[in-house]
Structure formats: structure tokens, C-alpha cells
Amino acid sequence: MSEYTFNDPWWLILLKVLAIFVGLVLMTLFTIWWERRVVSRMQNRIGPNRVGPFGLLQSLMDGFKLGLKEEIIPKTAHLAVYWIAPVISATMAFLAFAVIPFGPMVSIFGVETPLQLTDFPVSVLYVLAIASIGIYGIVLAGWSSGSTYPLLGGLRSSAQMISYELAMSMSFVAVFLYAGTMSTSGIVAAQEPIWYAVILLPSFLIYVTAMVGETNRAPFDLPEAEGELVGGFHTEYSSLKFALFFLAEYINMVTVSALATTLFLGGWIAPWPLSLWDGANVGWWPLLWWFIKVQLFIFVFIWLRATLPRLRYDQFMRFGWKILIPASLVWIVVVATARVVRNEFSVTTQELLLVGGGLLIIIVVGSWVLQVRTERKEKALIEAAQQEIDKPFDPYAGGYPVPPLPGQEFTFTSRRARAASSTTVEGTATRTAVMPGGSAEPPVSGSTAPEEDTHG
Amino acid sequence: MTSTEPTTAEAVVFWVCAILSVTGGIGLILSRRAVHSALWVALTMISLAVLYIANAAPFLGMVQIIVYTGAVMMLFLFVLMVVGVDSSDSLVETLRGQRVAGILLAVGFGLLLAIGLGSALSGVPVVGLDGANGQYGGNVEGLARLLFSEYILAFEIVAGLLIVAALGALVLAHRERWQPRRTQREISQERTRTGVHPVPLPPPGVYARHNAVDTPALLPDGSVAEISVPGPLRARGDLRPVDTAAVAETAALASGEASYGPSKRPVADDPGTSPGEPS
């Protein structure tokens with residue numbers, strides 16, 4: 001399997017593994033500090049500035065403190081699964097970084113090697129696969145805690161990550177079509193003249209949205225919504241196990257940022273004004289460009305957290321399934337069509353854009369007309385239904401016993417009363433019966449009943 | 001890797017993954033809890049994926065993990081979690097002759113597998129992985145070529161089947177809506193206009209002696225807020241009686257008649273003042 005590791009000697013592979021591990025841990029410490037400082041600035045505060053220069057060692061000290069805290073394990077926890085869940089989460093977070101290219105060929109102790117641990121023809125799929133195993137950590141943590149809030153958090157996160165992983169992988173398809181490969185280094189190399197963020201802008205936007213959902217970060221941090229679920233899946237975790245989840249969340253942030261850099265911002269390739277300098281894309285300099293690009297994404301994460309309120313869960317799911325996924329599907333069709341037309345017929349970009357724009361206008365106008373018509377039809381249907389509801393409820397409509405329509409009040413007529421009413425006109429006695437969902441008494445306006453909804 | 005003899009690394013990978021995947025299979029059958037079974041299956045799937053990757057089929061390995069471990073097993077787990085943590089499966093067999101049928105099916109499947117493998121391994125010329133993958137320039141390209149040329153019909157049929165299944169699920173889950181859906185704006189407007197408490201209710205126990213759900217909160221002026229206790233408890237009359245002495249003390253503190261501090265507080269064993277009276 002040496003073709004996967006660039007024919008590196010074993011000590012170099014080990015060195016790269018170590019560098020990635022240490023680098024990610026340091027990156028996590030740095031990102032926590034960076035996040036706290038930036039959020040503080042955005043909220044007119046100063047943030048941690050006491051431990052070390054500029055407070056840089058604050059997160060290190062917090063990490064020590066977290067590790068030394070007492071560990072509390074609930075009695076109802078399923079111990080084996082409870083133990084393994086944070087391990088899965090953290091391990092998978094580290095693993096995903098194996099295929100990220102940091103730079104071009106460099107010389108390390110006399111060996112020429114690229115700044116990348118491994119690469120295979122499907123490395124982007126590898127990141128997706130690792131991410132999908134990483135979800136297990138969260139789901140199992142929620143399940144094994146033996147407590148309600150973590151279970152709900154675990155449920156939410158599994159639904160969320162499955163939904164957003166779909167949109168995420170679909171945003172990759174356009175990149176694969178353009179690059180002609182699924183290997184990360186190949187995709188970086190294919191972006192030499194222009195970034196995919198520019199020519200595949202919709203894919204880029206979809207990916208950036210999905211990556212926030214995938215990492216459970218605000219405004220999509222529903223699995224750990226503290227107002228609703230205490231801490232979500234990690235409510236019952238403390239000490240080092242909690243630290244592992246914390247570590248995993250921040251590494252995942254770095255991973256998706258690194259993947260975004262690789263797929264859409266040209267990876268380690270120097271951006272425009274820098275690329276005029278010949279030495280920008282050789283040696284160790286590209287590592288710096290890569291780092292700056294990744295930090296840009298992390299800044300966006302922090303910015304979002306400081307700015308946006310959390311979405312409601314149903315709004316969030318609707319956004320994923322009804323906007324992001326259809327939009328990416330349509331975009332894939334557009335990209336694939338454009339590619340085929342460019343390959344099969346001799347058309348210029350201008351002609352392609354003109355025809356595409358014309359088609360777009362027709363589709364937009366057509367769908368608008370269609371929507372207006374369907375809305376009109378629906379309105380008529382609803383009005384007809386409302387008229388049906390407004391009629392008094394007849395429990396023997398058409399001669400058969402029928403249930404009330406939604407919105408109709410069920411009135412119970414006793415047999416004796418009906419028998420009496422068939423003989424004497426005055427004897428009609430109806431009484432309202434207690435139905436599940438409908439109150440027997442006439443509703444008292446502004447009574448205690450609706451207040452239950454606002455509890456908590 | 002043109003020679004048919006496996007290298008040491010391959011042998012190590014094979015033995016580790018083979019043992020893990022068989023362990024997963026056995027664990028699936030022996031586990032009492034459905035979630036543990038699901039985890040064992042996930043282990044088997046991941047081990048198999050590693051074997052695929054080691055055998056120069058990286059695409060298959062990755063798709064195995066993404067589709068089976070990441071989506072299918074996750075869906076299973078999802079359902080198990082909805083069902084509940086502590087619900088155990090009933091082990092009473094309801095189907096008559098289930099075991100015999102199961103054994104027969106297993107034997108038949110084993111035979112099929114043996115015959116299939118035997119015929120595949122005997123009469124086919126071995127070209128090696130590089131030969132098979134190199135024909136179209138790589139494993140992914142080779143798979144794509146086969147899927148979209150020779151097996152296009154099967155591919156399309158499977159795609160159609162999946163779409164039908166998805167539509168079926170949609171139809172089954174569809175609920176007829178009789179009235180237009182109320183938006184969040186309409187709900188909030190209604191709540192404001194009907195004059196009920198428009199914001200979250202005070203939580204129980206606030207400013208009171210006990211922090212329990214059946215203890216009504218005391219408002220800052222010392223009055224009792226009964227709405228802070230959940231409706232069912234109120235309906236049952238399960239309200240904890242309010243400590244009126246504490247209420248009076250709070251009211252006195254709020255109005256400025258009394259102030260905090262040990263010297264001003266009533267002495268408990270003083271017969272002249274009743275405990276709790278503001279001094």
C-alpha cells in the first residue's frame with residue numbers, strides 16, 4: 001500500500017502523524033482562545049488576557065483543570081458504551097486530517113515528500129466516511145447516559161448530521177466533476193488558475209452552510225441547545241470524557257475548514273497578489289497560506305456564533321431538506337449539463353451563458369405562474385373545507401355514524417333523547433361529551449389552559 | 001502487487017480485520033440489547049471496509065462506510081433510540097417453524113455462496129488487482145465504466161426502486177391538512193391578543209423556601225405566583241402551602257421596612273416575637 005503514502009520511509013510517516021496530532025491539539029487550544037477573544041471583542045468585552053502573553057495559555061490551563069475535575073458517572077449509564085463514545089468522537093476527529101494537503105513537495109531530513117500524510121483516489125470520500133463514524137460518538141453518548149436530555153440531544157444530532165451530510169456531499173459533486181478526481185491533492189492542483197469558490201459559487205455556499213450544521217455550531221447547535229436540552233448529548237459527561245468531546249468539536253471545526261480550503265479556496269496555493277511572487281508556491285511558505293485560509297473559516301464560525309440566534313428545530317430541518325438539498329441537486333444538474341455541452345459541442349462560454357440565462361428566466365417565470373395558480377386552487381380548497389367545518393356537526397350524516405371533522409365540536413346525543421325527539425319536538429336534549437383534545441366546558445377566555453405552552 | 005502472495009502488511013491487516021469482523025458477527029447474535037447488536041454490526045461493516053481498501057478497492061470501502069455504517073446503521077440506531085433506552089425485545093417466537101426455516105435458509109445460502117465462489121475461483125483467469133484496476137486507469141474509473149455501460153440497466157432499475165420506496169415512505173407519512181397551518185407569527189399574535197401571559201411563566205420555587213416544582217414562586221413583592229406551578233399539579237391541588245412568614249419577611253425587605261443582617265433578625269428562642277415576623 002505504499003502508493004497511498006508517497007513512498008515515505010516509516011520514520012517520516014511517524015513524524016507526519018505526530019506533527020498532525022500535536023498540530024491539531026495546539027490548533028484546538030489556539031482556536032478556543034481565538035474564539036473567546038473574538039466573541040469578547042464583538043460583545044465589547046476583553047476576554048481572557050491573564051494567563052500567558054495575551055491570555056494565550058488560558059485554554060491550556062482550562063484543559064488541565066478539566067482533566068483534574070471529579071468524574072461523575074450516572075448510575076443509569078450503560079458503562080461500556082458510555083466509555084467508548086467520547087473515544088470514538090475524538091479519534092475520528094483526528095483521523096479525518098490524514099488526507100488534508102498542507103503544502104507542496106518539501107525536503108524533510110533529506111527526503112523529498114509532500115506535506116500530506118496520505119492520499120488516495122477517493123480521499124474526500126474518506127473524510128465523509130470518517131465524519132459519519134464520528135456521529136456514532138455523539139449518538140452513543142446520548143443513548144448510554146441513561147438520561148432524557150442527552151437522549152434527545154443524541155437523537156437530534158443524528159438526524160441533523162445525516163441531513164446535512166447529504167447536502168455536504170452533494171456540494172462536493174460539482175467539484176469532482178470539474179477536477180476529474182476525488183483525491184485532495186488532485187483537487188488542489190486543479191485549482192491552479194482559479195478557485196472553485198469562484199466558478200462553483202453555489203456549491204461553495206451550500207458547503208459552508210452544511211459545514212456549520214455538520215459541526216453542531218451556532219446557529220445550528222441544536223444537539224446541545226442549552227436553553228432546551230441542558231448540554232445535549234454531553235450533559236452527563238464530566239472531566240476528561242467531556243474534554244474529549246470538547247476537543248472533538250474544535251478539531252471537527254478545523255477539519256471542515258481545512259476541507260473547505262482544500263476543495264474551494266485552492267488549498268495551499270497562494271492567492272492572487274501573492275502568487276505574482278515566484279517563491280510563493282514552493283517550500284514551506286504554502287503552509288502559511290493554508291493556515292491563514294483555515295483561520296478565515298474559523299473566524300466565520302466565531303462570527304456566526306456571536307451574531308445569529310439558534311434556529312428552531314423544525315425550521316432547521318426544513319432548511320436542510322427543502323432548500324439545501326434540492327438546491328444542490330439542481331446545481332449539480334446545471335453543472336453536469338454545462339460540462340457535457342462544453343465537451344460535446346463547440347460552444348463558447350458566452351453562448352452557453354446566454355442560453356443558460358434564457359432557460360433560467362423561462363424556468364423562473366414558469367414556476368412563478370405555476371405557483372400562483374396552485375395557490376389559488378389551494379385557497380379555494382381550503383375555503384370549501386372551512387365551509388364544511390362551519391356547518392353544525394351531524395353525527396349521522398348520510399345515515400351512518402361519522403366522526404367530527406377537525407375543528408368541529410362533537411355533540412353527543414343520547415339515544416333516549418333522540419327517541420324522545422322523534423315523538424315530541426320539545427324533548428331534544430344534547431350534551432357535550434368530553435373528547436380527548438376538546439374541552440367539555442365552554443372555553444373561558446384567557447383561562448389557564450393556553451398558559452401551559454409557555455412553561456419553561 | 002502483481003504477485004498472488006500477500007505481503008506481511010496485507011496479512012496483518014487481513015488477520016486483524018477478519019477476527020474483528022467475525023467477532024462483530026458473533027456479538028450481533030449474542031447481544032441482549034438491540035443497540036449493542038447494532039454496534040457489533042457497525043464493527044463488522046467497518047472491518048470489511050478496511051479489507052476492501054487493503055484489496056485495492058478504496059471506493060467500495062469508503063462507500064461501504066458512508067452508506068452502511070453512516071446512513072443505514074445510523075437509521076437503525078435512530079429508531080432504537082426513539083423506541084427507548086430500556087425497552088427490551090420480546091424473545092418469544094411467534095412464527096411457527098421459524099428456526100427450521102432459518103436453518104434451511106442458512107444452509108441454502110451457504111451452498112449458494114460456496115458454489116458461486118468455487119466457480120468464480122476455478123474457471124476465471126487471474127489478472128491481479130493492478131491488471132483489473134489498470135484497464136481503465138484506476139479503480140474508480142473502472143467501476144464507473146462498468147456501472148454506466150454493462151450494468152446500466154440494473155443500475156437504473158435499482159435507482160427506480162429506491163425512488164419508488166422513497167415516494168412510498170412519503171405517501172405513508174403524509175397527513176391530510178384540513179386547516180391552513182398556523183405560522184409562528186399567528187400563534188404569537190393570538191397569544192398576545194387573548195391577553196394571557198405572553199412571555200415564559202415564572203419558574204416554580206423562585207424566592208421561595210423550597211426549590212421544587214410544587215412550590216409556587218413568590219414575586220418580588222412577596223405575593224404568591226400560582227401560575228408558576230405546572231397546570232396538572234394545580235388541577236390536582238398539589239400546591240405546597242406557602243410559608244406566609246417568609247412571604248411577609250420578603251415583603252418587608254422589599255418595602256424597605258426591614259433590612260438584611262443578623263442583628264435585625266428575630267431570635268428563634270425569643271418568646272416575645274413569633275419566628276418569621278419582621279422586626
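**Salt bridges and a nonpolar patch**

In this predicted model, Arg312(A) and Asp314(A) form a salt bridge whose closest N and O atoms are 2.9 Å apart. Over all chains, the count comes to 10 salt bridges. Chain B contributes a nonpolar surface patch of about 750 Å², made by residues including Leu146(B) and Ile157(B).

**The Arg312(A)–Asp314(A) pair**

- Arg312(A) counts as partly exposed because its relative accessibility is 33%, a value between the 20% and 50% cut-offs.
- Asp314(A), at 28% relative accessibility, also counts as partly exposed.

**A salt-bridge network in chain A**

- Shared partners in salt bridges join Glu35(A), Arg217(A), Glu249(A) and Arg305(A) into one network.
- Arg305(A) counts as partly exposed, at 42% relative accessibility, whereas Glu35(A) is buried, with a relative accessible area of 1%.
- A salt bridge also forms between Glu249(A) and Arg217(A), where the closest N and O atoms are 3.6 Å apart.
- Glu249(A) sits in helix H10 (residues 239-264) of chain A, while Arg217(A) is in the loop between helix H8 (201-214) and helix H9 (226-229) of chain A; the two residues are 32 apart, and the pair links distant parts of the chain.
- Both Glu249(A) and Arg217(A) are buried.

**The nonpolar patch on chain B**

- The patch is made by Leu146(B), Leu147(B), Phe148(B), Tyr151(B), Ile152(B), Leu153(B), Phe155(B) and Ile157(B).
- Two elements of chain B give two or more residues to the patch: helix H6 (139-148) and helix H7 (152-173).
- H7(B) gives the most, with 4 residues.
- Ile157(B), one of the patch residues, lies in helix H7 of chain B.
- Ile157(B) counts as exposed because its relative accessibility is 55%, and the cut-off for exposed is over 50%.

Methods:
Residues are numbered from 1 along each chain as its sequence is written. Chains are lettered from A and ligands numbered from 1 in the order in which they are written. This is a predicted model: local features need pLDDT of at least 70, side-chain atom pairs count only at pLDDT 80 or more; totals for chains, interfaces and linings use all residues. Side-chain values use heavy atoms; hydrogens and water are left out. Patches are made of residues with over 30% relative accessible area and no salt bridge: like charges are joined within 9 Å, nonpolar side chains (Val, Leu, Ile, Met, Phe, Trp, Tyr) within 5 Å. Accessible areas come from the Shrake-Rupley method with a 1.4 Å probe; for residues, only the protein chains shown count as cover. A salt bridge is a side-chain nitrogen of Lys or Arg within 4 Å of a carboxyl oxygen of Asp or Glu. Buried means under 20% relative accessible area, exposed over 50%, partly exposed in between (1.4 Å probe, protein chains only).
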